Amino acid sequence: MTAISHCPKCQSENAYFDGNLFVCPDCFHEWSEAAAAETVQTADAASVRDSNGTVLADGDAVTVIKELKVKGASGAIKVGTKVKNIRLIPDATDGHNIACKIDGIGALNLKSEFVRKA
């Protein structure tokens with residue numbers, strides 16, 4: 001049996017296991033154990049996490065945890081630089097899964113492993 005904390009349809013935390021199906025008493029949605037495991041794996045694969053493992057969302061503010069050199073720029077992004085209003089790119093092939101704009105440098109993409117949620 002897979003432990004699930006919320007309904008995949010309405011996100012209610014009142015879901016329970018009844019025989020061979022999970023049931024949500026709030027929206028009356030029923031799903032199988034296989035569907036619950038697939039939902040959890042899909043959510044984990046699609047989410048972008050910071051260096052501490054916190055899930056990031058569009059519009060969050062993050063802080064840079066390592067000095068990052070920027071190709072084509074005269075300076076670098078210093079440790080502690082706060083970046084506001086990020087956009088996530090979860091299917092980025094090169095690992096740069098955060099699009100942002102930094103004052104003094106401009107628009108660029110960052111890797112989530114070098115930031116933490118502010």
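## Overall make-up

Of the 118 residues in the chain, 25% are buried, where buried means under 20% relative accessible area, exposed means over 50%, and partly exposed covers what lies in between, for a 1.4 Å probe and protein chains only. The model is a predicted one, in which local features need pLDDT of at least 70 and side-chain atom pairs count only at pLDDT 80 or more, whereas totals for chains, interfaces and linings use all residues. Residues are numbered from 1 along each chain as its sequence is written, and side-chain values use heavy atoms, with hydrogens and water left out.

One helix and 13 strands are found in the chain, these elements being DSSP runs numbered from the N terminus, with at least four residues of H or I for a helix and at least two of E for a strand. Read from the N terminus, the order of elements is β-β-β-α-β-β-β-β-β-β-β-β-β-β.

## The sheet β10-β11-β12

Three strands form an open sheet in the order β10-β11-β12, with antiparallel pairing; two strands count as paired if DSSP finds at least two bridges between them. Its edge strands, each pairing on one side only, are β10 (87-88) and β12 (106-110). β10 and β11 are joined in the antiparallel sense over two bridges, and here L88 stands opposite I98 in β11.

On the other pairing, strand β11 (residues 98-102) runs antiparallel to β12 and is joined to it by five bridges, with I102 opposite G106 in β12. The hairpin of β11 and β12 has three residues between the strands, and in it G104 takes a positive phi near 85 degrees. β11 is mostly covered, since four of its five residues are buried.

## The sheet β9-β6-β13

A further open sheet of three strands has the order β9-β6-β13, again with antiparallel pairing. The edge strands in this case are β9 (82-83) and β13 (115-117), each of which pairs on one side only. Strand β6 (residues 62-64) pairs with β9 in the antiparallel sense over two bridges, and the bridge partner of T63 in β9 is K82.

## The salt bridge

The structure holds one salt bridge, a term that requires a side-chain nitrogen of Lys or Arg within 4 Å of a carboxyl oxygen of Asp or Glu. The side chains that meet in it are those of D60 and K117, at 3.5 Å from N to O. Because D60 lies in the loop between β5 (55-56) and β6 while K117 belongs to strand β13, the pair ties together parts that are 57 residues apart in sequence. D60 counts as buried, at 14% relative accessibility, whereas K117, with a relative accessible area of 34%, is partly exposed.

## The nonpolar core

The largest nonpolar core has 14 residues, and those with the most contacts inside it are L56, I77, V83, I86 and L110; such a core is a set of buried Ala, Val, Leu, Ile, Met, Phe, Trp, Tyr and Cys residues joined through side-chain atoms within 4.5 Å. β6, β11 and β12 each supply at least two residues of this core, and β11 gives the most, with three residues. In soluble globular proteins, nonpolar side chains tend to be buried together.

Outside the strands, V79 is found in the loop between β8 (76-77) and β9, where V79 counts as exposed, at 55% relative accessibility. V79 and E67 are 12 residues apart in sequence, and their C-alpha atoms are 5.0 Å apart in space.

## The largest pocket

The largest pocket holds about 310 Å³ of space, a volume being the space filled by probe spheres set on grid points that are joined across faces, edges and corners. A pocket is an open set of points, on a 1 Å grid over the protein atoms alone, where a 1.4 Å probe fits and protein lies on both sides within 12 Å along at least five of seven lines, and lining residues have an atom within 4 Å of a point.

The lining of this pocket consists of 13 residues, of which L68, K69, H96, N109 and L110 lie nearest its centre. β7 (68-69) and β12 each supply at least two lining residues, and the largest share, three residues, comes from β12. By type, the lining divides into six nonpolar, two polar and five charged residues, where Ala, Val, Leu, Ile, Met, Phe, Trp, Tyr, Cys and Pro count as nonpolar, Asp, Glu, Lys and Arg as charged, and the others, Gly among them, as polar.
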